[in-house]
Every structure is written in C-alpha cells, then in structure tokens.
Amino acid sequence: MVHVQSEEEIRSSDIRMQRLKERVIFKSLIIDTIFWIPSLILAAMSGSVTLSTEAIKKGNEILSTFFAWLALKKMSEGGAHAYDYGMGKFENMTGIVTGIVMILSLVLVFGLTVLKLLNPHMLHEEVTIVAMIIMFTGICVSTILWREKVHIAKMEYSPVIEAQITLFKTKAITEFVVLAALLLVLFIEDNPWEDYIDPVASFIVIGLFLLSGYRTISSSLPDLLDKTIEEELQLVVVRSLADFFDEYEAFHGVKSRKCGNDIFIELFLEFDGNRLMDDVQKTIYAIKDSLEKEIPRSSVTIMPCTGKFGGKKK
C-alpha cells in the first residue's frame with residue numbers, strides 16, 4: 001500500500017529541504033568570497049583584462065549567491081506560511097535578479113576589454129603563474145560545488161538551485177578559458193599576437209557570461225508570469241477528467257500555474273442541478289484525489305459552475 005504523506009509531513013520535509021539548500025548556498029557564498037580576494041589582487045597587479053573580467057564576474061557571483069541565500073533563509077524559517085500560495089516566487093525572483101546582475105556587470109567588463117584591446121601590453125610572468133594556480137584550483141572547486149547542486153536538484157526542483165547550477169557551470173567553464181589564455185600567454189613568447197590573447201579571451205568570457213544570464217532569466221520568467229503547466233501535465237488532467245466523464249455535465253475551463261515546486265490547478269465543472277450537494281462533493285473529492293496522486297506537489301481546486309471559468313451561463 002502506497003503511503004500518502006500528511007500535510008504536516010510534507011511541510012516538515014519542505015523545511016528540511018529548504019535548510020539543506022540554504023546550507024549548500026551559504027557554503028558556496030563563503031568559498032566564493034575567499035577566492036575573490038586573491039582574484040582582485042592578481043587583477044590589479046597583472047593588468048590583465050581577462051583577470052579583471054574574472055574578478056568582476058566573481059563579485060557578481062557573490063552578489064547573486066547572497067540573494068539566493070537570503071531567499072532560502074527566509075523560506076527555511078517558515079515564512080511560507082504567511083503566503084497562501086507559498087514562497088515559490090521568491091525563488092523565481094532570485095533567479096531573475098541573478099541573471100540581471102550578470103548582464104548589467106557586462107557593461108563594465110566590455111568597456112575594460114575594449115580599452116585593453118586598443119592598448120595591449122604584456123602580462124607579468126610571475127603574476128601569471130600564480131593566477132594559473134588559482135584558476136586551476138578554482139576550476140576544481142567550482143566543479144565540485146556545481147555537482148553538489150546538481151545532486152540536490154535531482155532530489156527536488158528549485159529555481160534557486162537551477163540558477164546556481166547555471167552559475168557554477170559557467171563559472172567552471174570561464175575559469176578554464178582564463179587558464180587556457182594564461183597558458184598561451186606564458187608559452188607563446190615573442191609573437192605579435194601575444195598581446196591580443198588576453199582581450200580575446202575576455203570577449204569569450206563575456207559571451208559565456210551573457211549566455212548564462214539570458215538562460216537564468218528565461219528559465220525563471222515563465223513561472224513568475226504564471227505560465228500554464230507543461231503539456232504532459234495538461235494531458236494528465238485531460239485523462240483524469242475522461243475517467244470521470246459521466247460524473248459531470250460540462251467542462252468550463254482549467255487554469256494552472258506553478259509557484260516554485262508547487263503546482264496549482266483550478267477546474268471549472270458543471271454538475272447536474274438535480275443532484276444532492278453531498279453527492280457532487282464526493283465526485284469533486286474523487287477527481288481531486290486522482291489528480292493530486294498523478295501530479296506530485298499539486299493542489300487541485302474544483303469549482304462547480306454553469307459558465308466559462310466560473311461565469312454565468314449565457
């Protein structure tokens with residue numbers, strides 16, 4: 001027999017998951033801050049626009065991670081109970097803020113890159129070697145943190161975690177690009193193209209940064225604007241209504257939306273006016289239970305009506 005979780009068990013599980021996500025994000029925030037300090041020093045000492053771009057990018061990542069941590073902290077403290085539809089949109093908002101900050105910071109990075117392209121100069125060899133060591137360490141750490149968040153995402157969908165996965169995946173890739181650029185600068189000496197490797201690598205980082213910001217915003221925006229549920233879930237609703245076809249007179253519409261992990265579905269059905277309300281309510285409970293078992297984390301509301309979306313019959 002399948003165990004159906006009670007509302008209290010679901011609430012307790014949600015709080016545990018939120019606290020787990022909060023701890024993981026806070027750990028990322030601390031690690032990012034530790035790595036940011038030497039990145040700033042190296043960028044200032046080397047004069048490398050690629051390292052400057054990387055330092056600005058790290059600052060943006062710290063800001064984005066801080067916003068994510070604040071949202072999850074509020075949710076783990078039980079703030080969701082003050083909102084009838086939960087706090088899922090806080091997660092969506094965090095994803096959008098992350099993407100916007102990423103794109104806005106590109107203005108400064110792009111300006112620095114163009115300036116360096118117009119005024120190229122060689123990098124200091126000693127600083128470059130130290131930067132390579134830090135970049136290699138950063139790649140390893142970013143990959144570990146990225147995989148950790150992927151593991152949590154498999155346990156439960158979360159817009160905040162999805163945004164962090166994109167952030168740290170891009171972070172690992174851009175750190176690899178920076179490392180490759182520093183290696184080229186170090187080993188390709190006395191070449192007329194040597195001075196242009198740094199700004200070209202910076203443009204690659206900018207492209208990755210822009211793509212990451214766009215993906216983060218585009219993945220969070222639909223749920224924030226109450227986009228309807230996916231087509232496969234709509235088919236589940238249709239199949240369930242077909243199973244109870246003889247129990248209602250007419251179908252007057254369906255509305256649905258997602259709020260973080262939660263799915264809200266409203267069905268507008270017309271019933272035979274001669275039936276007792278108790279009999280109608282039994283049918284409503286049967287349809288509701290059927291759908292909520294088929295669609296995890298869903299809340300189904302069935303409204304008896306005689307017109308489209310609850311309006312009067314024309």
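**Notebook: salt bridges and a helix pair**

I began with K288 and E292, whose side chains meet in a salt bridge at 2.8 Å, N to O. The model is a predicted one. Both residues lie in helix α8, 4 residues apart, about one turn of the helix. I looked up their accessibility: K288 is partly exposed at 23%, and E292 is partly exposed at 25%.

Next I took D278 and K282, also a salt bridge, with the closest N and O atoms 3.8 Å apart. They sit 4 residues apart in helix α8, so about one helical turn separates them. D278 is exposed, with a relative accessible area of 52%, and K282 is exposed at 54%.

Then I turned to helix α5 (residues 159–187), where K171 and E175 are 4 residues apart. Their side chains form a salt bridge of 3.5 Å, N to O. Are K171 and E175 buried or exposed? K171 is buried, at 4% relative accessible area, and E175 is buried at 1%.

I went back to α8 (residues 277–294) to see how α7 (residues 231–243) packs on it: the angle is about 150° and the axes are 10 Å apart. The contact uses V236, V237 and S240 of α7, and I287, S290, L291 and E294 of α8. By class, that is 4 nonpolar, 2 polar and 1 charged residues. The crossing of α7 past α8 is right-handed.

Last, I looked at the whole chain. I found 8 helices and 3 strands, and buried residues make up 45% of its 314 residues.

Notes:
Residues numbered from 1 in each chain as written. Predicted model: local features only at pLDDT ≥ 70, side-chain atom pairs only at ≥ 80, totals over all residues. Heavy atoms only, no water. Axes fitted to C-alpha atoms, helices over the stretch in contact; angles between N-to-C directions. Helix = DSSP H or I, 4+ residues; strand = E, 2+ residues; numbered from the N terminus. Left-handed = near helix turned anticlockwise from the far one by under 90°. Contact = heavy atoms within 4.5 Å. Nonpolar A, V, L, I, M, F, W, Y, C, P; charged D, E, K, R; others polar. Buried < 20%, exposed > 50% of the residue type's maximum accessible area, 1.4 Å probe, protein only. Salt bridge = Lys/Arg side-chain N within 4 Å of Asp/Glu carboxyl O.
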